[in-house]
Amino acid sequence: MRRYIFIAACIFMLVIYVLITYFDVSFINLWGRQDIHTHIGVDAWVVGRVVSPPQLTRAGFHVHFVLDAETIETATTSPIPVSGRIFVRAPAEDDINFGDTITFFAELSQPAGARFDGGFDFALFLRQQDVYVAADARRTELVQAAGADYSLTGIGVRIRQSIVSAIDDNFSGIFGRFYPNNEVAGVVKSIMVGDRSDITDEVRLDFSRAGIGHILAVSGMHVGILFSILSFLLLKFRVRKLWAYIVGILVLLLFMSVALYTPSVTRATIMMIIFLAAYIFQKNPDQLTSLGIAAIVILALNPYSITSPGFLLSFGSVAGILIFYQPFNAGLQSLSARATAKTKLKIHKRIPESLAMSSSTFLATVFFTAYFFNILTFGGFLTNLVAMPFVAFIMVGGFVVWAVSWIPILSTIVAYIVSIPVVFILEVANFVAGMRFLWTHVPTPGAAAFMIYLGVIMVFYILTKNKKALS
């Protein structure tokens, strides 16, 4: 029965995708009452709590954040309770912090959709965060300053702000002669907590064309790195496996809040928790089953996650590794053995393994890359081989800088050491992006192609007889 949970998850994804794209089914009130959207088009005073860290816009004149609405007052009504979230853009000079309760005056509006076919759909992007209303605040006033918040989200946001501050203080200006736009600090923040505020369009484009754009968004790979390091340290100090796994679950939940609950991190965390829970209760875990359950849970909580690049790229890469890696690795190892027998040149087994891993993730994410970014990279599996080993080093080094940030000289020295692989990755991405024959722009694939793509993966899974290839 377990082997069909993954298939059920793929079918569930197809159904949700069809309902959203073909039938425009609304999931606004799926798990609770959200009535703030019924006031779209009216000028009103809104009171609510800021539930995301305010981010400065690229132009620098405004900040944007998500507000959990509590009451609304119009010219013809007294304050009435409401529920739902609003994407708010406010003047940058207004002092707004996470956790503050504020009031603002604005006309509530429907978030803008795509301006042209295949363009960025802002409304859909907000729905992935369970937000259905937008507002440009003309005036904001503080109702109550944020108090001590010891919730998981509150602690995570404070840790995130502390990490970002430590990275900015220690990495800003490093190799500034060659990277004047703070690109080094931007890459470190992206890898550690998913903060891409200092990622320029040029860097983003280079990474995308080189096929390594995924390392700039916190995903399951980062969750896996974090858990691997944590479990290694705990087991090294002879902590019992049971307690090591329990501590691992708690740390992963905290990291999920630090990453602001992005779909890819949420998916990876749920999958890892299911996997660890199986060990804790002494049952044989199955990774594809864990992935399928994680996908079903995430889509049940927010069906619009099916339209998120982070969710689909993360789901696809993990599924690709679990489905394709063993068959690919077996074939490449066989070819390697034949080549060794004929040429007497010994090929280390890590080379076929790395090629199998890169090929698996490339095959499983090639459609989503074309769909969301309109680009195909033919050298992506090779650039991943070069860049990926440094991601763990950068992530660990960044956390070390944060941990010793109270020692200025030491943190600066560590920051310079960590900057070396960052510069290497930047240069590799720029070099590959400049080789025009290694990438090409493609039109956006249609919904039918998406269903065929998922169907092929499901058929491959069903037809694969070797159980070891599926676990």
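Helices are taken here as DSSP runs of H or I of at least four residues, numbered from the N terminus. In this predicted model, helix 10 (309-343) and helix 14 (447-463) each supply at least two residues of the lining of the largest cavity. The volume of this cavity is about 30 Å³, and the count of cavities of 30 Å³ or more comes to one. Its lining is formed by Phe-315, Gly-316, Ala-319, Phe-368, Leu-454 and Ile-457. Helix 10 gives the most to this lining, with three residues. By class, five of the lining residues are nonpolar, one is polar and none is charged.

The second largest pocket has a volume of about 340 Å³ and is lined by 17 residues. Leu-226, Val-251, Phe-255, Phe-399 and Trp-402 lie nearest its centre. Two or more lining residues come from each of helix 3 (152-171), helix 6 (220-236), helix 7 (241-258) and helix 12. The lining comprises 17 nonpolar residues, with no polar and no charged residues.

Helix 12 (residues 380-403) also packs against helix 13 (residues 408-433), at an angle of about 155° and with the axes 9 Å apart. Angles over 145 degrees count as roughly antiparallel, and helix 12 is therefore roughly antiparallel to helix 13. The crossing of the two helices is left-handed. Residues in this contact include Phe-390, Phe-393, Gly-397 and Gly-398 of helix 12, and Pro-421, Phe-424 and Ile-425 of helix 13. By class, the contact of helix 12 with helix 13 has 17 nonpolar, four polar and no charged residues.

Conventions: Residues numbered from 1 in each chain as written. Predicted model: local features only at pLDDT ≥ 70, side-chain atom pairs only at ≥ 80, totals over all residues. Heavy atoms only, no water. Axes fitted to C-alpha atoms, helices over the stretch in contact; angles between N-to-C directions. Parallel < 35°, antiparallel > 145°, perpendicular 65-115°, else oblique. Left-handed = near helix turned anticlockwise from the far one by under 90°. Contact = heavy atoms within 4.5 Å. Nonpolar A, V, L, I, M, F, W, Y, C, P; charged D, E, K, R; others polar. 1 Å grid on protein atoms, 1.4 Å probe; cavity = no way out; pocket = protein on both sides within 12 Å on 5 of 7 lines; lining within 4 Å. Points joined across faces, edges and corners; volume = space filled by probe spheres on them.
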